[in-house]
Amino acid sequence: MWNAPKVGILGGGQLGRMLVESANRLNIQANVLDVENSPAKQISAHDGHVTGSFKERESVRKLAESCDVITAEIEHVDTYALEEVASNVRVEPSWQAIRTIQNKFNQKEHLRKFGIPMADHRELQNNTPEELAQVGEQLGYPMMLKSKTMAYDGRGNFRVNSKADIAEALEALKDRPLYAEKWAYFKMELAVMVIKTKDDVLSYPTVETVQEDSICKTVYAPARNVSDAINQKAQALARKAVSAFEGKGAFGVEMFLLEDNSLMLCELASRIHNSGHWTIEGCALSQFDSHIRAILDLPIPPKSLELLQPSIMLNIIGGATPDSHLKATEAALSIPNASIHLYSKGDAKPGRKMGHVTVTAATMHEAETMIQPLIDVVDEMRA
Ligand code: ATP
Ligand code: MG
Ligand code: MG
């Protein structure tokens, strides 16, 4: 057995909470750095938590003092603080990986060197209309204007349909470091969870993700109507992309499947990921279990990452009213095989991820039939 290692987690949101659930089952103490009573802290009663922010150097230092290994549930952390504490505590994945990945433009420049296919993109230096118009001529319309940093759930993206949208796009994203991407005409979005261990790069099966208003709505595991060859090809691409970074743990890789069945990377995350929540019910080891094991050098039998049963995950996203997530939950209680996860974030805000539900069944068709009434409820509740 191991010598009761302590894991420090930067961030105590839902991803941290589900990591704590996995750590708890192995008697591993997880010390969470975030505000008091954050979702991850609520399910973990001990005095090792740190009140503060993962963006503050002092707080990260304090967390490092009490842990054997530090990890993060979010990439928007102070990597200079991580660099500093890395001489005293293990940081997984590496601060270099997190620093490169947290800037989507730098991430892509790095991955380009490894031959990872991506949409053509251009950096903006001055964020002027003239500059963006020039980029528009190079990339064509529509194009996606993106913030390099602090992006999540599409907040940081603006679709520029034509030259006429340029002023509005720059107004929406002003004061942020920007780049633009050529439009990807995809037929489907795919994702793969990759687990990097001390000597292996493993992957979960390829899933299909469906975004609505740029927020992940549903995840289908395995991806529907996707051949085994494409499923394998997507996993290989995801593993190759993650291999370009140093450090251990879970990485979420988002991809586009194009009309000609070729694949393009959308982006990757240096952490456990929404597209991998289905693994809690769908596999013997969840992405959270695997992350904890990977950063502590504990064994991960590859078979434990195989799909046990077709699974569909539906996010419960804050709708028009503060209790919208509770109405969705109420409906989920009557859905067969539905496993409900609420994140205990208080009142719902429009667009905020409040929980998720995973339905498993013997066939994908059966799972689709069972979850459809809940999708109907969620659709009615949209903000
Ligand atoms: P996340 O919450 O996944 O971190 P994000 O804010 O970082 O999201 P992206 O993943 O870059 O944003 O984009 C969000 C969604 O916007 C994608 O899942 C895809 O549906 C769409 N999208 C992004 N880039 C492009 C593109 N180049 N062409 C077409 N659609 C795109
Ligand atoms: Mg992102
Ligand atoms: Mg994304």
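Predicted model: local features only at pLDDT ≥ 70, side-chain atom pairs only at ≥ 80, totals over all residues.
Asp 297 comes after the helix, and its phi is positive, near 60°.

**Entry: helix α11**

Having found the end of the helix, I went back to its start. Ser 286 caps the N-terminal end of α11. I found a side-chain oxygen of this serine 3.1 Å from the backbone nitrogen of Phe 288.

Next I asked how many residues of α11 are buried. Eight of the nine are, so the helix is largely enclosed by the rest of the structure. I listed the buried ones: Gln 287, Phe 288, Asp 289, Ser 290, His 291, Ile 292, Ala 294 and Ile 295.

**Entry: His 291**

I picked one residue of α11 (residues 287–295) to follow up, namely His 291. Is it buried or exposed? Its relative accessibility is 0%, and buried means under 20%, so His 291 counts as buried.

The side chain of His 291 reaches the backbone nitrogen of Ala 250, at 2.9 Å. Leaving out residues up to four places away in sequence, I noted that His 291 touches Leu 19, Thr 71, Gly 249, Ala 250 and Ile 272.

**Entry: the parallel sheet**

What is the order of the strands in the five-stranded open sheet? I read it as β3-β2-β1-β4-β5, with parallel pairing. β3 (50–51) and β5 (90–91) stand at the edges. Each has a single partner strand, so one side of each is left without a neighbour in the sheet.

I zoomed in on one pair there. Strand β1 (residues 6–10) runs parallel to strand β4 (residues 69–72), and four bridges join them. Gly 8 has Ile 70 of β4 as its bridge partner.

My next stop was strand β13 (residues 215–221). This strand is mostly covered, with seven of its seven residues buried.

Which strands does β13 pair with? One partner is strand β12 (residues 207–212), antiparallel over five bridges.

**Entry: ligand 1**

I kept the ligand for the end. How many residues surround ligand 1? I noted 20, and the closest are Lys 104, Lys 146, Asp 153, Gly 154 and Glu 189. By type, the shell divides into eight nonpolar, four polar and eight charged residues.

The side chain of Lys 104 has an N or O atom 2.7 Å from an oxygen atom of ligand 1. For the side chain of Glu 267, an N or O atom likewise lies 2.7 Å from an oxygen atom of the ligand. Ala 184 uses its backbone instead: an N or O atom there lies 2.9 Å from a nitrogen atom of ligand 1.

How much of ligand 1 does the protein bury? Taken alone the ligand exposes 620 Å², and the protein buries 92% of that.

Last, I checked which elements give two or more residues to the shell. They are β7 (143–147), β9 (178–182), β10 (186–196), β14 (249–258) and β15 (263–269).

Methods. Residues numbered from 1 in each chain as written. Chains lettered and ligands numbered in written order. Heavy atoms only, no water. Near = heavy atom within 4 Å. Polar contact = N/O pair within 3.5 Å; in protein donor to acceptor, adjacent residues only side chain to side chain. Areas by Shrake-Rupley, 256 points an atom, 1.4 Å probe, with all protein chains shown as cover. Nonpolar A, V, L, I, M, F, W, Y, C, P; charged D, E, K, R; others polar. Pairing = 2+ DSSP bridges. Buried < 20%, exposed > 50% of the residue type's maximum accessible area, 1.4 Å probe, protein only. Contact = heavy atoms within 4.5 Å.
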